[in-house]
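Here are my notes on this one, as numbered points. Have a look at the model first, then read on.

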Amino acid sequence: MNLGFLGLQFSFGLQQSNMGPIYSYLGADEASLPLLWLAGPMTGLLIQPIIGALSDRTVTRIGRRTPYFLIGAILCSLCLFAMPYSRALWVAASLLWVLDAANNVTMEPYRAYVSDRLDTSQRPLGFLTQSAFTGLAQTLSYLAPSLLVWWGLSPDALDPSGIPVITRIAFIVGAVLSLSTILWSVLRVPELPLTPQEIAAMQTEALSARTTWRDLRQAVVDMPAPMRQLAVAMLFQWYAMFCYWQFVAFAIARSLFDTSDPASAGFRQAVLVNGQIGGLYNFIAFVAAFAMVPIARRIGARPVHAFSVAASGVAMLALPWCRSETMLFMPMIGIGLGWASMMGNPYVILADSIPPERTGIYMGIFNMFIVIPMMIESLTMPLIYRPLLDGDPRNVLMLGGVMMILAALATLAIREQRAIRRASA
């Protein structure tokens with residue numbers, strides 16, 4: 001099943017490393033970039049909780065989660081194929097809305113699927129394995145343009161819109177991977193069949209907008225205390241990661257190539273360098289996620305997560321002071337540790353505190369703790385970018401570093417794992 005997750009995360013990696021530069025190639029102003037990234041958090045806020053509630057009650061011949069995998073994968077592949085052919089800023093922004101909606105339709109059932117198949121003792125391995133595959137997929141997606149250059153394509157070959165040809169090819173590869181890996185996973189790892197009792201319980205009421213809204217409202221009322229406490233840490237860490245993804249390429253362009261011009265060769269080189277260091281931090285995340293499994297089992301997911309996001313915060317604070325490509329690779333250790341933990345350990349904490357029959361809806365609601373901080377960042381950054389941060393993307397990274405350290409402190413305030421298990425008993 002993790003092969004399908006690899007294709008999905010390849011798509012996310014392409015967005016993280018390329019959407020900011022694509023918007024700039026098409027004429028977007030740096031300060032307005034966060035507003036153009038609103039598609040991800042907005043669609044996540046609206047779609048994942050609804051899909052979570054629906055998938056908990058869906059009964060089909062191919063399972064309750066699988067229909068959503070397939071619909072999302074098809075839409076995602078179509079958008080990835082079309083994105084680098086955008087001829088105007090509004091076209092790229094519109095495609096990102098559909099692409100993020102498709103990714104969110106697929107993502108939430110994948111998260112719920114882990115809890116469906118694994119018991120409590122297996123969940124650290126399950127979620128951190130998903131985190132590892134996130135790191136592997138995004139390593140490949142970040143490195144894709146550089147690999148194409150190493151294979152002989154020119155980084156300065158542009159289409160009529162100013163988008164590099166290597167970017168277009170990377171997105172086409174992503175489109176093929178997204179659809180093919182999910183189809184392979186669906187065929188090779190079918191869902192576990194529901195018992196007649198489970199089906200009868202799900203069908204006591206017809207699936208409808210009313211029952212979906214009622215389930216969402218009741219789930220919020222009944223939300224376990226550890227899940228509420230996680231919300232604070234999630235606010236800081238996801239605000240920070242959105243700062244990083246949106247502005248790291250622009251910070252590198254200034255630090256290493258002394259340019260803010262997206263039409264310059266130096267800026268295109270900065271985008272390639274960002275892909276290379278991004279590939280490194282995602283590879284570190286791939287390795288670190290597996291290393292975290294025995295540690296999280298032994299001392300708990302909470303202290304592991306706190307240490308990891310603190311390391312990521314220190315790395316973000318250090319990045320603006322790096323003046324060579326070699327120096328840039330060192331902070332990627334911290335970014336990789338934080339990213340590995342963010343994609344796994346919060347879900348370990350969450351999964352042990354929620355009732356199994358409501359996994360889908362709670363995974364969807366938990367996604368709100370990711371997308372709301374992203375929305376806050378996207379709406380506040382244009383207001384503070386020039387007045388408070390001097391219009392310098394390096395200052396945005398330093399703000400992200402402070403936010404990550406605050407996330408570590410908030411994580412330490414969450415109740416111990418043993419207390420979480422008692423609360424869910």
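1. α11 and α14 sit oblique to each other, because their angle is about 50° and oblique is whatever is left once angles under 35 degrees (roughly parallel), over 145 (roughly antiparallel) and 65 to 115 (roughly perpendicular) are taken out. α11 covers residues 265-299 and α14 residues 332-342, with the axes 7 Å apart. Axes here are lines fitted to C-alpha atoms, for helices over the stretch in contact, and angles run from 0 to 180 degrees between N-to-C directions. The crossing is right-handed, that is, the near helix is turned clockwise from the far one by less than a right angle.

2. Before going further: this is a predicted model, where local features need pLDDT of at least 70 and side-chain atom pairs count only at pLDDT 80 or more, while totals for chains, interfaces and linings use all residues. Residues are numbered from 1 along each chain as its sequence is written, and side-chain values use heavy atoms, with hydrogens and water left out.

3. Who touches whom? On the α11 side the contacts (heavy atoms within 4.5 Å) include Ile277, Leu280, Tyr281 and Met292, and on the α14 side they include Met332, Ile335, Leu337 and Trp339. The residues of this contact split into 14 nonpolar, three polar and no charged. For that count, Ala, Val, Leu, Ile, Met, Phe, Trp, Tyr, Cys and Pro are nonpolar, Asp, Glu, Lys and Arg are charged, and the others, Gly among them, are polar.

4. α14 is mostly covered, with nine of its eleven residues buried (under 20% relative accessible area, 1.4 Å probe, protein chains only). Among the buried ones are Gly334, Gly336, Gly338 and Trp339.

5. Back in α11, look at Asn274. Asn274 counts as buried because its relative accessible area is 3%. Beyond its neighbours within four places in sequence, Asn274 is in contact with Ser17, Tyr142, Val248, Ala249 and Ile252.

6. Neighbours within four places aside, Ser255 is in contact with Pro320, Cys322, Arg323 and Arg394.

7. For the whole chain, there are 18 helices and zero strands, taken as DSSP runs (H or I of at least four residues for helices, E of at least two for strands) numbered from the N terminus. Of the 425 residues, 60% count as buried. Among contacts with a separation of 6 or more, 83% come from residues 24 or more positions apart.

Methods: Buried means under 20% relative accessible area, exposed over 50%, partly exposed in between (1.4 Å probe, protein chains only).
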